[in-house]
Amino acid sequence: MLSESNYKTFIKLIQESSKEEIIWMSAYMSGLLCSKKNHQKFIRKEEKKITLVYGTETGNAKNLAFDIHQKVKNEKFQIKLISLDQYNFQDLEKEDYFFIIMSTYGEGEPPSSAKNFFDFIHTNENIFLKNMKYSVLALGDKSYTYFCKAGEDVDKRLHDIGAKRIISLHKCDVDYENQAEEWFSKIISFLKKKKNKIHIENKKIYGKILNNIILNDQKKGSKKEIHHIEIFVKKKIKYLPGDSIGIFPENTSNEVDKIIEFIDKNKIKKFVNFEEKSKIFDLFKKSFNIIYLSESFLKKYSSLSRKKNILLNHKWKLIDLLTEFPIKNTCSLEDLIRIMDPIKPRLYSISSSPTAHDNIIHITVSRHRFQLNGETAYGHCSDFLSKLKIGDNLSFSIYKNQLFKLPNSYKDIILIGPGTGIAPFRSFLYEREITEATGKNWLFFGDQHFDTDFLYRTEIENWKMKGILHHVSLSFSRDQKKKIYVQDKIWENRIEFFSWIKNGAYIYICGNKTPMSVDVDKMISNVIEKIGKCDSTLFIKKMKRERRYLKDVY
């Protein structure tokens, strides 16, 4: 709306102008508006792409990449994370900032997941990365001759083909936390200087526990404790089948009380008032890792306490460490807080469907149990989740997994997920059912015992009865003398299995990396060789290139 004076001027100008002059003014204003739009487009175009890739063999590079990815996102930068075996090489020349975490395998070789990428950049003579700015974090083991060789080779080759090294190569030994943190800090410092900050969508979501039930029949003797947890959120949650949620577990009040009592008793810090004591309590309960302390933290604590005989390979709790190796009176609580590791998020595959379950999200959690110093201990996050009651609050974030997504609705899929590996496939099947997908679905599921460990049995049997599941191949390893696993069922159905993948079916594998996914890989290769009479390496490589051979293993 024009002001009164401008309005009068405008009307006067129109009245005194010829038809041709009015047309000219109209064209001029139209051009002015277009130039402003183009200027806005130009500003958006100036936003730089940030990509983090990883090549892993044992999983260390992957875990570190996920950790750094989240840290970068916490700094409000938009960043893409992708495994090198899923990376499209044609995108290399489009990259702005390219960060690589690369492990070394065997005699200085890249890991299998990064071999194609490694070969591509070393053998392609036509590639020139004039726009790329990059840095490499190399993981290795100093006890081997070719320490971090693969990372060194990638760093050198990218430089040789035109990319600009913005942060020098960082080489990490088995204990990589400090070097990785230094590398990350330099990346953040560089990006902040460039002032290319972008708003992102990885906000915390707050919900309430709607249900928490144990899926195993422990009364009949199951040795497992797998929880089906339902979380209610007021607003509809945006995610896709295949995505995960990240949960920051809280420490138990009992453990934190012991630490606060020790601090108070030993005058490491005299609390000024109740409010200050409450803030310190919250820090240790919700922010700091106080159990299964990292080797990196133990080294820092050793310097702080001036104790050189702390066992670094021991799974310490903070209260036990404080008690056995108390810090000097000259040290303050701030000194201790400064070296504390933050609680890291644990990722769980979503087992619900966004279309079928609206604003309720499901996860499938195995309460991890193990022996520690002669006593039964539990995984930090799984233990925290297992104790949640109906009505309890829980916060989490959605983690997108672009590498584990459903294909077009008319495509056939083979789902291989023993144990809690069934979680994302439950999401897949609910989604395929409610969207009336026409592609066929084949599920391979297994666990220890049919009677006690058949997770989501009723749902699976219903899907089979309705025709949603065209095949269900079950293997319960302890129900007979000879153990039977999902890979044995693949071999048992080898002729039809090969027919499906030959005709374009997608393979999805979820669950333990070792030994399950390794054994499944070997069996699929065997089926391709024996039934298909063709080179399994080339066949699977083609499937991966077409995104038809997908894994979410841990």
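**Reading features of a predicted model**

Biologist: What is the relative accessible area of Arg547?

Modeller: Arg547 is partly exposed, at a relative accessible area of 33%. Buried means under 20%, exposed means over 50%, and partly exposed lies in between, with a 1.4 Å probe and protein chains only. This is a predicted model, in which local features need pLDDT of at least 70 and side-chain atom pairs count only at pLDDT 80 or more, while totals for chains, interfaces and linings use all residues. Residues are numbered from 1 along each chain as its sequence is written, and side-chain values use heavy atoms, without hydrogens and water.

Biologist: At what angle do helix 17 and helix 18 pack?

Modeller: Two packed helices are described by the angle between their axes and the distance between the axes. Axes are lines fitted to C-alpha atoms, for helices over the stretch in contact, and angles run from 0 to 180 degrees between N-to-C directions. Helix 17 (residues 494–502) and helix 18 (residues 513–530) pack at about 90°, with axes 10 Å apart. Helix 17 is therefore roughly perpendicular to helix 18. Angles of 65 to 115 degrees count as roughly perpendicular, under 35 as roughly parallel, over 145 as roughly antiparallel and the rest as oblique.

Biologist: Which residues of helix 17 and helix 18 meet?

Modeller: Contact means heavy atoms within 4.5 Å. Arg494, Phe497, Phe498 and Ile501 in helix 17 meet Ile524, Val527 and Ile528 in helix 18. By class, this contact has six nonpolar, no polar and one charged residues. Ala, Val, Leu, Ile, Met, Phe, Trp, Tyr, Cys and Pro count as nonpolar, Asp, Glu, Lys and Arg as charged, and the others, Gly among them, as polar.

Biologist: Where does Phe444 lie?

Modeller: Phe444 lies in strand 16 (residues 441–447) and is buried, with a relative accessible area of 0%. Leaving aside neighbours within four places in sequence, Phe444 has contacts that include Ile414, Val486, Ile490 and Phe497. Phe444 and Val486 are 42 residues apart in sequence, and their C-alpha atoms are 6.2 Å apart in space.

Biologist: Which residues of helix 9 are buried?

Modeller: In helix 9 (residues 295–305), the buried residues are Ser296, Phe297, Leu298, Tyr301, Ser302, Leu304 and Ser305. Their cover includes helix 6 (177–194), helix 10 (318–324) and helix 11 (333–339). Just after helix 9, Arg306 takes a positive phi of about 60°.

Biologist: What share of the residues in the protein chain is buried?

Modeller: Buried residues make up 47% of the 554 residues in the protein chain. The secondary structure of the chain comes to 19 helices and 19 strands. Of the contacts with a separation of 6 or more, 75% are between residues 24 or more positions apart.

Notes: Helix = DSSP H or I, 4+ residues; strand = E, 2+ residues; numbered from the N terminus.
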